[in-house]
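Here's a quick briefing to read with the model open beside you.

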Amino acid sequence: RSVSGNTTTFSDTAGGSVAVHLQPYSGTAVAPVSSSGNTVVGNYLIEDTHPVITGSNFVGSPVYVGNLAVNAKAVTASASGVTKVYDATTAMGNAVLGLSGQVAGDALGVSGSGVFNQKSAGTQVGYAFGNLALSGADQANYYLSGGNSLTGSNGVITPAPLSLTSTNVTKTYDGTLSAVGTAVATGSAPLLGSDTVSGGIFAYTDKNVGSGNKVVTTRGVTINDGNHGGNYTVSYVDNTTSTITPAALSVTAAPVHKTYDGTVSATGSATVGALAGAGDSVASAGTMSFADKNAGTGKTVTVAAAQIKDSSGADVTGNYAITYVSSTGGVIDKANASITESAKAVTYNGATQTQNAPVLSGFIAGDNVQAAGVASARNVGTYGSNLTATGSDVGNYNITYVNAPLVINKLGATITAT
C-alpha cells in the first residue's frame, strides 16, 4: 500500500492494483466547501465513488469504513474605533466591529449595535454591544465565542468645542469697565442636549461712550453639563456690538453781578451736577456770559463749554450728555461816567462864540455816546451850558454833568471927534 495525498493505492504485487481517492461525501456528492476551500460544517462519509481498479485479482467494490464530522469554529468579536466627540448622548457612531479566529479567505462578518455606558467625556469609558450576529456566505461554519454581546472599557469620548460670548450689553457711562452680560453659545460650536451655561465675568475693553461698537469680553462662565464643564473645550469670543450711553449732567450758570463794561463776559463759577464717572472731576465749570451787554436786573446768564477729566487727567467730557441751565438772576449795574464842560471867556467880536467840546470820562471806548448842550452866543453876556448825553449806550451809565459858563465881554471902543 502506498499513500500520496488523499490517494491510497493497494497492489497485489502481480501487476494488479486498486487506487482510491478518499474524500468526504454527502450522499453521492462530494461535500461542499467554504470560500476558503475548506469543507463546511456537517457529517460526511469518507469514500471514493469511482476507484481505479487495475487487473483481475480484485473483485467487487472497496468497502470504506469511517466518517468525517466538521464542527463550527469559534470566532471572537472585537470593537475598534470606540471613540467620538461629546454629543450629549450615549450613542456610538464610529465604532467598527471585527472578528478574529476565522479561516483566512472565508466570507465572514459581524454586526451589532452599541452604546456607551455614559454620555460624559472621558477615557476608559465603558460600552456594550448587543444583538451581535454573524453574516457572510460562510457564517454557518462559525459561532461567536462570547455569545451575542460584547463589552469593553477602553472607549473614549472627547470634549466638544464650545464658543461662548455675551449678549449685547448696554449701560450708562460710569467711568468703569464693568459690564452685566449674559453668556450664550455662538457660531458653529453650540451647547448640546440640555446643557446650559450660567454666570460669567464680563467687562468692557474701555470705559468710553459708544453705540453698537463697544467690545465686551467674557470669561469664567459655568457650564452645567453634569461633568463640571468637562464635556467641552471652551473658547471665548468678544461681543463687539455693545453700547455705553452718555451720563446725564447738568451745569447751571451763576447769577453773576457786575458793573457794566461793554462786554457780555460774566465772571463766576457755574454749578456742576454729580459726576457719574468713578474718579471723574471738573476741569472747568464752563464759560459764562450775559445774553447781552446792557445794564439791568433779571439778566440772563448762559454757560457753555464745561470740561470733565478723569483721574489720569484725560478729557472725558464726551462721556456726558450735558444740559446747560441759564440763570435769570444776573445784574449789570450802570457804570459811573461824567461829561465836563470848561469855562470860557471871550471878547465880543461880532461872531457867534461856542464853548469847547466837553470832556467825556468813564465811557467804554466804542460805545455810542455823544454829548450835547454846550453854550453858544454872539452878544455880550454870560451863558451857561446845559449838558446832555445821547446815543444807544447812554442807558448803561450813571452820568454826572459838570456845566460851565460862556462869558462874552464887551469890546472896548474909542470915539474920536474930528
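Contact here means heavy atoms within 4.5 Å. With that in hand, Tyr 397 is in contact with Tyr 260, Lys 334, Ala 335, Ala 337, Gly 362, Phe 363, Ile 364, Asp 367 and Val 369, leaving aside its neighbours within four places in sequence. Keep in mind that this is a predicted model: local features need pLDDT of at least 70, side-chain atom pairs count only at pLDDT 80 or more, and totals for chains, interfaces and linings use all residues. Residues are numbered from 1 along each chain as its sequence is written, and side-chain values use heavy atoms, with hydrogens and water left out.

**The core**

- Tyr 397 turns up again in the largest nonpolar core, a set of 67 residues. (A nonpolar core is a set of buried Ala, Val, Leu, Ile, Met, Phe, Trp, Tyr and Cys residues joined through side-chain atoms within 4.5 Å; buried means under 20% relative accessible area, exposed over 50%, partly exposed in between, with a 1.4 Å probe and protein chains only.)
- Along with Tyr 397, the members that touch the most others are Leu 99, Phe 129, Leu 134, Leu 144 and Met 288.
- Strand S13 supplies the largest share of this core, five residues. (Strands are DSSP runs of E, at least two residues, numbered from the N terminus.)

**The four-stranded sheet**

- An open sheet runs in the order S10-S15-S13-S12, with mixed pairing. (Two strands pair if DSSP finds at least two bridges between them.)
- S10 (83-85) and S12 (109-116) are its edge strands, each pairing on one side only.
- S12 and S13 (residues 122-135) pair in the antiparallel sense over seven bridges.
- Within that pairing, Gly 114 has Phe 129 of S13 as its bridge partner.

- S2 (residues 7-11) pairs with S3 (residues 17-21) in the antiparallel sense over five bridges, and Thr 9 has Ala 19 as its bridge partner.
- The two form a hairpin with five residues between them, and Thr 13 in the turn has a positive phi of about 65°.
- S3 also pairs with S7 (residues 52-54), antiparallel over three bridges; here Ala 19 stands opposite Val 52.

**Lys 214**

- A polar atom of the Lys 214 side chain lies 2.9 Å from the backbone oxygen of Asn 208.

Methods:
A polar contact is a pair of N or O atoms within 3.5 Å; within protein, one must be able to donate a hydrogen and the other to accept it, and residues adjacent in sequence count only if both atoms are side-chain atoms.
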